[in-house]
Amino acid sequence: MKVLLTGLMMLGVIGSASAMNHGGMLMDEKGMIMNANSDDLPRDCPKISENVDITIRAGQKHALKFTGKMFAFDQQEWNVKPCAKINITFINDDQIRHQLMIHGLPGYLYPEGMFHLELYGEGQLQASLIMPSLKKTYLVHCEVPQHMEKGMKAQIKVDGGDGDLPSIPGISAPVKADIYPVDWTQLTTAVLLLCVLAGCSIPYFVIVNARSIKEAIQKILTKLNFKSKQSSIN
Ligand SMILES: [Cu+2]
């Protein structure tokens with residue numbers, strides 16, 4: 001198989017060893033583009049209504065403005081007209097893998113209804129897609145485990161969209177907010193009281209016995225000093 005691939009590459013049948021194109025997927029050592037579409041119109045679009053150039057940055061520093069979040073895109077919402085062609089420049093500012101996935105697109109143009117850009121580390125990719133005419137809000141996210149939950153979630157609205165998606169940082173509240181309840185049993189209450197008591201009693205003990213503690217420390221230091229002097233004589 002390896003010999004066959006090498007032969008095909010030498011004959012120019014396969015253009016590059018590093019950039020592979022499997023149907024709708026373009027992949028190299030830096031990243032991946034899946035289901036890009038800069039030419040085919042959605043069935044409901046007689047023509048492209050507008051060309052929109054969007055730069056989307058991804059990284060930890062973009063999450064700093066959101067309390068409790070770790071990853072984010074630099075923007076959380078984009079608005080375009082029906083049948084707009086979006087030319088995306090995706091920039092990863094981190095040294096870790098991030099994705100830009102758009103979901104809910106028509107399956108006859110975008111297999112699995114998905115447009116997908118991915119960078120394995122710091123870098124940049126460019127790809128286009130053409131949105132349908134439907135008034136709809138599309139999910140944009142990174143599907144690396146926990147990245148969406150930790151803030152990498154956004155939305156593209158076509159024709160004003162059909163509402164906000166939940167838990168978009170800075171835009172919408174989560175459907176189910178994260179809560180961390182304490183199970184207040186008799187035991188947890190007793191442990192809490194014990195901790196408070198210990199926390200208060202230790203400084204109290206130190207203050208009350210300050211003089212005797214000081215004397216004990218001085219005695220130890222004197223002993224240590226005496227021993228070191230003896231060992232230096234010996
Ligand atoms: Cu990510």
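This is a predicted model: local features need pLDDT of at least 70, side-chain atom pairs count only at pLDDT 80 or more; totals for chains, interfaces and linings use all residues.
View A. Strands here are DSSP runs (E, at least two residues), numbered from the N terminus. Two strands count as paired if DSSP finds at least two bridges between them. Residue numbers start from 1 along each chain as its sequence is written.

**View B. Strand 7 against strand 10.** Strand 7 (residues 85-92) pairs with strand 10 in the antiparallel sense. The contact runs over 8 bridges. Phe90 has Leu125 of strand 10 as its bridge partner. Strands of a sheet pair through backbone hydrogen bonds, either parallel or antiparallel.

**View C. Strand 9 and its two partners.** Strand 3 (residues 31-34) pairs with strand 9 in the antiparallel sense over 4 bridges. Strand 8 (residues 98-102) also pairs with strand 9 in the antiparallel sense, over 5 bridges. Glu118 of strand 9 is the bridge partner of Met32. Gln99 also stands opposite Glu118.

**View D. Burial along strand 9.** Strand 9 (residues 115-119) is mostly covered, with 5 of its 5 residues buried. A residue is buried if 20 or more other C-beta atoms lie within 10 Å of its own, exposed if 12 or fewer, and partly exposed in between; C-beta atoms are placed from the backbone. In a regular strand the side chains alternate between the two faces of the sheet. Phe115, Leu117 and Leu119 lie on one side of strand 9, His116 and Glu118 on the other, and both faces are covered.
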